[in-house]
Amino acid sequence: MSVLPPEVHAALAQLLQGLQAPDNVLRTQAEEQLNVDWIQPRPEVLLMGLVEQIQGADDATRSFGAVLFRRISNRTRKDPTSDLTKELFMSLLPPQREAIRTKLLLCLATEHLNQVRNKISDAVAEVARQYTEEGEQWPELLGALFTASQSDDRNQREVAFRIFATTPGIIEKQHEDVVLAAFSKGFKDVDHNVQLTAAEAFSSFFRSINRKSQQKYYQLLPDILNILPPLKEASDSEQLSRAFMALIDMAEVASKMFKPFFNNLVTFSVTVIQDKELTDTTRQNALELMATFAEYNAAMCKKDPSYISEMVTQCLSLMTDVGIDDDDASEWNSSEDLDIDDSDANHVAGEQTMDRLANRLGGQALLPPTFNWLPRMMNSSTWRDRHAALMAISAISEGCRELMVGELDKVLDLVVPALRDPHPRVRWAGCNALGQMSTDFAGPMQEKYHNMVLPSIIPVLESSEPRVQAHAAAALVNFCEEAEKNVLEPYLDNLLQHLLLLLQSPKRFVQEQALSTIATVADSAESAFGRYYDTLMPLLFNVLREEQSKEYRLLRAKAMECATLIALAVGKERMGADALGLVQLLGTIQENITDQDDPQASYLLHCWGRMCRVLGADFLPYLPAVMPPLTSLAGAKADIQLLDDDEQIATIEQEEGWELVPLKGKVIGIKTSALEDKHMAIELIVIYAQVLQGAFEPYVNDIMDKIALPGLAFFFHDPVRVASAKCVPQLLNAYKKAHGPESIQLGQLWERTVEKVLEVLSTEPAIDTLAEMYTCFYECVEVIGKNCLTKTHMETFVESAKGVLEEYQNRVKERAEEAQERDDGEEETEEMLFAIEDDQTLLSDMNKAFHTIFKNMGVEFLPFWERLLIFCDNFAQSPDPTQRQWAICIYDDVLEFCGPQSWNYSPHIIQPLVAGMRDDVAANRQAAVYGVGIAARFGGEAWAEFVAASLPVLFEVTRRPNAREEDDVYATENASAAIAKILHYCSNKVANVQEVVTAWVDTLPVTNDEEAAPYAYSFLAQLIEQQNPAVLQQAAKCFTFIVQALEAETLQGQTASRIVGAAKQLVATAGLDANQLLAGMSPETQHTVRAFFG
């Protein structure tokens, strides 16, 4: 029976017709009417009317009415009773909501068409979500759904689980026995659709509950797994794929649940991956499930007797599924679209999975079974096998780096011959492998194997196939990016001759790649590129001068990039008049850009940045033309769309450069391509401010207020916030250079800047970006200098730091709880490792912020810092070395910048320093011994006894078994410098000074730490000047220590001059033969030392 009168339904039926009208004008009028006549004045009538339409109208209207109900119910409006903003359905009065939801459930129970019933179930799920999120009850719903899940009608059973899947929150608080029984029955249903919908609902529910609760439901897994075999036997790809997707979701959150069944699941999944009768999507989903276990439970995978060998075999097999209808690669080679999306292809799935396996399982596990296959595949007569082997090497080299780097010669013996393979796709794959290896083994690849790689790949540039030529040139980019100038120089003639020939290729994509490679070579070869300047630059100028059609825009953009990178490589002097000529050419190109999609525009922005670095102050006349398009991009607002239409969502999904974010039953579309441009523009502003400094002043105020400070809180795109954080201190510095450190103008800019920077220390949600905000803060303080913070500033800083540290402790606690739940041998997930790394970076940047405040505010900061002492005390005693280091470094700052007043905190500081000097973590020992040294230097009489008593422990640090190893040497050298400071500043507290001085000489040399060296060697110079017996009796040793420091360049400027003078005095006083001492040293050392001694 209808609640609403017939005239309302007549009006509503007419409205629904209008909203579905193909005519845009009619549809727009109907939408206006919907908002003005229905949603705003009487939403309760609209929603009840829609439900009654769903109850009694024709099929199409019922379906559309359900969709419209869902869309309108989650719009927001002011609640008339509380004035709070709520979703529309929840803003209705309780009796209205109750009446509407009762009818909606009735519609669900009585609907006979599947398609319409599914739309109604979406509407029910939406209302259920709103109730759950508001913490309110819908008591009839659960009863109705549990009844439906037991119904004789399979469609009713399916729709119940469909709603559970969409809104798992409605069953979270139910007793587990009820939930277990409902799901168990669903998994055993006679209908496959019901089984799978139940599995999807369970997966959604399972992910929504905490780990402890999840364990109660492990018992259901056998029932879920039993769904799979019949689907495979029936070759039902679609349903089998759904089952794997549900299992993947569960494996991501509770991989250990699968442990008892893992081997059987591996065996079954492998049969699916192998089954070519099934669709590629299904096979790939089976592969994805197996890869998920590697990412979330590598230990379980390593322990399984067949997992690794089977996965490698299946991945390599999938990787041979390439070019099936194109055996001679004629179609592949004739294609000029190099960006074809084949992400859903089997060979790509195999490659990506090999990459993931390598990164999670490591070389020790993966290399033996992989290299059991690769030599055989490389010797196969089938080109697809050879191609797959090479692509496998590309895929695993990053994850297996530690082991493969020692066997590079053997790997190259497999790869390099492929560059001469008769099949073009194998040669392409060989180039791909070398390019990837050049990145993954950067350093050793270039230094040790350049004579194997470059003479082999340069001739590939002569290939008859354009795609092979282009890929060889691309691989050279990877190699040259990581190569030193001296490595490249012998090959430059041959390499550039070949690249110049590619510029004459009839294929535009080959020319474009050749320009990119030339640009990279110039960037790496630096000044050595100068001799090719006269050949290349005129060619590039010609390309830039030519009037070109639309299809040549990218080529011209690449030419701009190449020319400006060459300019950076050779410098302003070598370019002469060409420098201004190039800038004028860029200006002409910019004036002629009219289309929004012209690629030259974004390339130009980078080119201007490079020319600014080349020209320095000479670039200033061009800024008025350069800055407007740059600031326009940098100041762009976020392009955000609220998508509540499935067709809209589908359209946006097909477009590049969009990210879709689900939010409270809606979907938000964010145009990320525009945000990437905004990020890039702000980064370029940073370059202009760095290079031009005070001359950039005219732009500073506008950019700070309209771009940089708002950018700190631009929450749609993390990189924009990071770039803004880098921009702010550079803008301050430019203003300081222009107006002076004490100017009123700088003070005014700082006043509004510091408030915003402090604000984001409390509001930034991303941990890695929060670290950047702390960097922004301390770099700003460094720019402004002494006494730049008010009491309010310091109080705000400490309050935000307190909140950050509390949240950090909560994250550490959560990770510890998760660690306890892991099985023995189960490794931390990659996500957790990244989270730990982000937290370590955050603590490090917070440390630098405290250091900078103490440095600039001194004892003024102490009363505020005291509020954080509890954290310092807790961290100092933590089993986590990162936390101990954090506390010790802050105590070091108190000692260094608060002088004798630091003694007030000695009960907090002394024990961490004593324990730190004996810490097995070298970085903590370094921080502790440094602290003892600065206590001697700045602490005054109060600290003298403590530091003198620390001498035996400091000597222990210098005598540890690995004291001079790479990880430990900085702690050792800081201990040496600390002893020198104690002997210099607190010798009156040292009982046996001469014995200690004599022993100290053996703690030298200091050849790594540039901060420790001046203190140690200044003290040595002092001893020489005093003709102390400790140095006279060990004169040759002392001279050698001085030579080692000079050669290592840890001594500079006045300190170096003083120690050289002392060394000359030592040679004369002790009667040393300097030539004889130098004779035993390398020619390079002798040359360096003679340059100092004259």
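Q: Leaving aside neighbours within four places in sequence, what is S397 in contact with?
A: S397 is in contact with M404, Q436, M437, D440 and F441, where contact means heavy atoms within 4.5 Å. This is a predicted model: local features need pLDDT of at least 70, side-chain atom pairs count only at pLDDT 80 or more, and totals for chains, interfaces and linings use all residues. Residues are numbered from 1 along each chain as its sequence is written, and side-chain values use heavy atoms, with hydrogens and water left out.

Q: Which side chain has a polar contact with that of S397?
A: The side chain of D440, at 2.5 Å. A polar contact is a pair of N or O atoms within 3.5 Å; within protein, one must be able to donate a hydrogen and the other to accept it, and residues adjacent in sequence count only if both atoms are side-chain atoms.

Q: Is S397 buried or exposed?
A: S397 is buried, because its relative accessible area is 0%; buried means under 20%, with a 1.4 Å probe and protein chains only.

Q: And how far apart are the C-alpha atoms of S397 and M437?
A: They are separated by 6.5 Å, while the two residues are 40 apart along the chain.

Q: New topic. Which residues are closest to the centre of the largest pocket?
A: The pocket holds about 1000 Å³ of space. Among its 35 lining residues, W332, D342, H347, R425 and R467 are closest to the centre. A pocket is an open set of points on a 1 Å grid over the protein atoms alone, where a 1.4 Å probe fits, with protein on both sides within 12 Å along at least five of seven lines; lining residues have an atom within 4 Å of a point.

Key. Buried < 20%, exposed > 50% of the residue type's maximum accessible area, 1.4 Å probe, protein only. Points joined across faces, edges and corners; volume = space filled by probe spheres on them.
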